[in-house]
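Okay, thanks for coming, everyone.

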Amino acid sequence: MRTDLVIVSEYCQKCHIDPSFIVLLEEGGLINLDEIEGERYLPSSQLPDVERYTRMYYDLSINIEGIEAIHHLLDRVRGLQDEVRTLRNRLRLYEPFDYTSIEDFDL
């Protein structure tokens, strides 16, 4: 048996959340659940995402569609940050390093 799986019903009971919320996250494509012998399991690698979505939903009253939009926008931001980092690295090959610019230092 895989040890990296969390039983959804037990997780929901311990965290005081409705199991239908987890199903909504799966239907929205935000998480992936495994089903083994009729029991739904959540991979432990997705727990941080589920906790983030739970805070958005219960604490901030953001609906599933809003969470999906936020997820999409954050993915776009991460992609753009990676692209900027790549382009800066490529640009550094062609330009001498400016030691007077504080922006180039990671503090």
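**Surface, sheet and helices**

So, the surface to begin with: the protein chain has an accessible surface of about 8200 Å², and 52% of that belongs to carbon and sulfur atoms. Accessible areas here are Shrake-Rupley with a 1.4 Å probe, and for residues only the protein chains shown count as cover.

Two bits of housekeeping. This is a predicted model, so local features need pLDDT of at least 70 and side-chain atom pairs count only at pLDDT 80 or more, while totals for chains, interfaces and linings use all residues. Residues are numbered from 1 along each chain as its sequence is written, and side-chain values use heavy atoms, with hydrogens and water left out.

What's the layout? Along the sequence you read β-α-α-β-β-α-α, which gives 4 helices and 3 strands in the protein chain. Those are DSSP runs numbered from the N terminus: helices are H or I with at least four residues, strands are E with at least two. Of the 107 residues, 22% count as buried; buried is under 20% relative accessible area, exposed is over 50%, and partly exposed is in between, with a 1.4 Å probe and protein chains only. As for contacts, meaning heavy atoms within 4.5 Å, take those with a separation of 6 or more: 52% of them come from residues 24 or more positions apart.

Now the sheet. The 3 strands make an open, antiparallel sheet in the order E1-E3-E2, where two strands pair if DSSP finds at least two bridges between them. On average, neighbouring strands are turned by 40° against each other, ignoring direction.

Looking at the pairs, E1 (residues 5-7) is joined to E3 (residues 39-43) by 3 bridges. Val-6 sits opposite Leu-42, and Ile-7 sits opposite Tyr-41.

On to the helices. How do H2 and H3 pack? H2 (residues 19-27) and H3 (residues 47-59) meet at an angle of about 110°, with their axes 11 Å apart. That makes them roughly perpendicular, a label that covers 65 to 115 degrees; under 35 would be roughly parallel, over 145 roughly antiparallel, and the rest oblique. The axes are lines fitted to C-alpha atoms, for helices over the stretch in contact, and angles run from 0 to 180 degrees between N-to-C directions. From H2 you've got Phe-21, Ile-22 and Leu-25, and they meet Val-50, Tyr-53, Thr-54, Tyr-57 and Tyr-58 in H3.

Let me pick out two residues. Thr-54, in H3, counts as buried at 13% relative accessibility. Setting aside residues up to four places away in sequence, Thr-54 touches Ile-17, Phe-21 and Asp-59.

Then there's Cys-12, in helix H1 (residues 8-15). Buried or exposed? Cys-12 counts as buried, at 2% relative accessibility. Beyond its neighbours within four places, Cys-12 contacts Ile-17, Asp-18, Pro-19 and Ile-22. The C-alpha atoms of Cys-12 and Ile-22 are separated by 8.3 Å, and the two are 10 residues apart along the chain.
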